[in-house]
Amino acid sequence: MTVAPERDEQELMAGFEATIERHDRIEPRDWMPEGYRRTVVRQVAQHAHSEIIGMQPEGNWITRAPSLRRKAILLAKVQDEAGHGLYLYSACETSGVSRDELTEMLIGGRQKYSSIFNYPTLTYADVGTIGWLVDGAAICNQVPLCRTSYGPYGRAMIRVCKEESFHQRQGYELLATMMRGTDEQRAMVQESVDRFWWPALMMFGPPDDDSPNTAQSMAWGIKRNTNDDLRQRMVDMTVPQAEALGVTLPDPELRWNEERQAHDFGTPDWDEFKDVISGNGPCNAQRLEHRRRAWEDGAWVREAATVFARRTEADREAAR
Amino acid sequence: MTVAPERDEQELMAGFEATIERHDRIEPRDWMPEGYRRTVVRQVAQHAHSEIIGMQPEGNWITRAPSLRRKAILLAKVQDEAGHGLYLYSACETSGVSRDELTEMLIGGRQKYSSIFNYPTLTYADVGTIGWLVDGAAICNQVPLCRTSYGPYGRAMIRVCKEESFHQRQGYELLATMMRGTDEQRAMVQESVDRFWWPALMMFGPPDDDSPNTAQSMAWGIKRNTNDDLRQRMVDMTVPQAEALGVTLPDPELRWNEERQAHDFGTPDWDEFKDVISGNGPCNAQRLEHRRRAWEDGAWVREAATVFARRTEADREAAR
Amino acid sequence: AHDLATYCLMLADDALVMSHRLSEWCSRAPDLEDDIALGNIALDLLGQARLLLARAAAADPSVVPVLPEGSPVPPEDALAFFRGDGELLNVRLVEGDNGDFGRTIARLLVFSAWRLALLEHLTPSRDHVLAAVAVKGVKEMTYHRDYAARWFVTLARGTDESRRRVVEGLTAIWPLHGELFVTQDVERRVADAGVGVAPDTVADEVDALLDQVLSAGGVERPSVSALAGVRGRTGRHGLHTEALSRLLAEMQVVARAHPTGAW
Amino acid sequence: AHDLATYCLMLADDALVMSHRLSEWCSRAPDLEDDIALGNIALDLLGQARLLLARAAAADPSVVPVLPEGSPVPPEDALAFFRGDGELLNVRLVEGDNGDFGRTIARLLVFSAWRLALLEHLTPSRDHVLAAVAVKGVKEMTYHRDYAARWFVTLARGTDESRRRVVEGLTAIWPLHGELFVTQDVERRVADAGVGVAPDTVADEVDALLDQVLSAGGVERPSVSALAGVRGRTGRHGLHTEALSRLLAEMQVVARAHPTGAW
């Protein structure tokens, strides 16, 4: 039974690579290299954490939404994010890591979430801008991930993407409505776009020549496009929408390049990006503290549910 | 030494009664009947608690004061109330009951405070109305108490009364300013007066024929006037001020009685009074909960101060 | 028509304020499932509030606050964002701080059992809009009540701490239970007209349901007195606790900063 | 004149917002003496804010928000109650929630040591109003700093819990310490004109004082990085944390509901 394990492993690896080659899905029951498993779990967990932490910047405005219709839209959206978090944690659980463990890693600072949520939401326009630019960037990122090699992740992405594009349209529509409103409202939209444009472009991660993990993730079919590639797609997609809205994107270098058939654009502030990634963004501490407090404040409730379930189960056994 | 203690007690009692007779002060070091001591401590403690609980209804508006000048006035006033609480707790301490013990009695519901503070403050006009009517009633109550038989209490009252009349004028002045403002402001003042008029009259306690302790307290010189007497004084004092302000007091029976040379007025809702006194007023639970939380949240700070003082003292001893 | 509008405002304001409090749980619940559940309940109540505010405005346009000429703010928003706390007609039960999850569940249990009964009796209303709101609401409230009842029993029979907390929560909100069944003149009149429901008529069935849930949790009805009003005035008369004006300061701040804004 | 007004607004807004936070302690402090002390500190800062807002309005009336014709609202109130959070120029240190008493003391220590140094250097200002404000303020800030330092050492050398809390408080606010000493162009210009003080010039003395207090408490300087801004913008540029707009919603609610009111 212990004969030639290396040989077995080689065969398994060949099977795995063939699956990747065929663009088929790797399923939880399939053999996979340890590095692949770790990378997948890390990426899906980060994505899940981003959905959960992402509830905060928008949630910040639920109680202050300026119309009941917008309040309903926003509440529903934030609940959708909680739902996305749920599917994604489930996708992780298929790889044997529980939601509780992942939450502990998040609040212990051992796993990350999207850098964008470390920026504050300062006006109601930010709710629209997050929908338009942040969900827009997320879609650019996620549409290719529907074809990611890890089955549970890819399937979760299909559902998530559908809802995200709905959210993106709602965000755009809020901004469009505000742009047809008062001068103050138009100024509010422009100010919000000024603040979020660069952080949204940074969502795709560092430039390709500074992104060490990209190659391996692409080889494994976990990632489907490079960071810069996606960033370019985002810019090209957004420019005409900004024109339609009547807002200016805060980049003096932004212009159409006929030759490349794409927009040239300026360089994000990568120092700020590194600062934010390493925990010093305007809201990192606040977001984690908020999450930690919710988790700790809820511990007695989760414990009560566990005890009650055990007791009910025991009663049922006894009644048999 | 143990000869004829009854005789001694009789002599002491005679001396005590003579002091009361002469309208002199009883001082903490003097002999006094146990009943007198208990009554004095209870009354001074209730008064102290009223100052401290009384910080809440007005404190509710400090962060929302509509002008910086009014914010400064209100902050200073509420701090004055804390100061009054301090003197009065000190007056109690001369009778051997510590501030901590009194606070525990308050938050344990074993000692009372003025019923008026169990009403909510719902608009900024209430800050003015509390100054005008509630501090006005307090002054009616307290001016005679400057001549109360218990020395430390009487002296505390002299200082308190001076500040209270200052507060009363400030309250009146706020209302007068608002009455010269917009229609909404005038309506706000009238609505506030409508709510506080009857509770303010109830501050003097139940009608004399339903006030069992009054006779003994007056005999001992702790109280100087009956409840109804003070209530009449309050009405007579307030009516011309209300006219000057331009507000209507919400009592259809209110009119000048030429014969009595005093105002006739309606009957407060004594059922509501009893309800509030017995703990069911609109804010009783809230006020006590607020005080309890502040006290409990501060426990670690008080303990740290005690430990630090002990440690510093020990270091000093050691250094000798 | 004014009676109908007032009655609609009462039902609307209960839902609006309760929805606001529940929405404060967003991103703070003990677990994701509860975050979603509380959010959905808040969303249902918000939906009920919108329909009822619109009905109030249609029944008597004079109840709608007047905004600057040309303001695009619809009546439901004018009513939600431009009335002061003295004009809101919700019962005081819904306006206090959430407290912990135990208190939130205790309040949701009492509120949803009560509102479910009201809406059930409202389904045959002669006002077709109200009847339709009630039919939709009954489904929603049934879910809310079951969610609250399930958690109430779980907490009451969970750990010592969870039991202590949910009992404390129930005791804290119980003084506001009585106010739910006091029938105002307006309510009596719309009930007599076959349009509304007099809350005193649902007291027995609500209490029977609550007793059932309490007893499933092994919890006694709190023996605390009702919270007094001021000269008999309570929530339905626009006389609220200090919590409501703070709640509205937050809820209305953006809308009021832009009285002619379009959202 | 616009520079002077902007500079006055910076100093005023620091005091106004810090005063607001401290006033939230009213009726909530660990003991009556501290309730009174924190209230008095809030009152002193409020007084400084009023003088500085008035000076800003006098230096450049164009900074004062325009209110409806005939409004009796004085310039200090127009500036305090009718600017949005994006127009306030306070450092971000002062705007966050108080947290517990430990965090409050840690923040007050850092704030008062810094502001005391600024005001000391401002006493010879060529602007006589600013000089007078500074002279008065130095006395006040000395008391505030001593109060905070005394409590800081007491908590740091009190119980294990008090030490843990005050150290956590210090660590929580420390990322905002660096922002206090970043000198903006406006500050540089008013400093060069002999009217204001460039905060970078007081960094050493403030840090020396803080080190002294920390060492008396046996506490190390927290090793945490500075809080990033957004494209370099921080509090002095009107770029704040999420806490400020909530603070203002509360602070401004009554004033904004009555833009022509007299108080």
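These legends describe close-up views of two chain interfaces in a predicted model. Local features need pLDDT of at least 70, and side-chain atom pairs count only at pLDDT 80 or more, while totals for chains, interfaces and linings use all residues. Residues are numbered from 1 along each chain as its sequence is written, and side-chain values use heavy atoms, without hydrogens and water.

**View 1. The contact between chain A and chain C.** Chain A gives 48 residues and chain C gives 48 residues; contact means heavy atoms within 4.5 Å. The buried area is about 4000 Å², with 70% from carbon and sulfur atoms. Buried area is the accessible area (1.4 Å probe) that two parts lose on being put together, summed over both.

**View 2. A salt bridge between C:Glu33 and A:Arg99.** The N to O distance is 2.5 Å. Chain A and chain C share three salt bridges (a side-chain nitrogen of Lys or Arg within 4 Å of a carboxyl oxygen of Asp or Glu).

**View 3. The contact between chain D and chain B.** Here 48 residues of chain D meet 48 residues of chain B. About 4000 Å² is buried, 70% of it from carbon and sulfur atoms.

**View 4. A salt bridge between D:Asp31 and B:Arg99.** The closest N and O atoms lie 2.8 Å apart. Three salt bridges are found across the interface of chain D and chain B.

Technical notes: Chains are lettered from A and ligands numbered from 1 in the order in which they are written.
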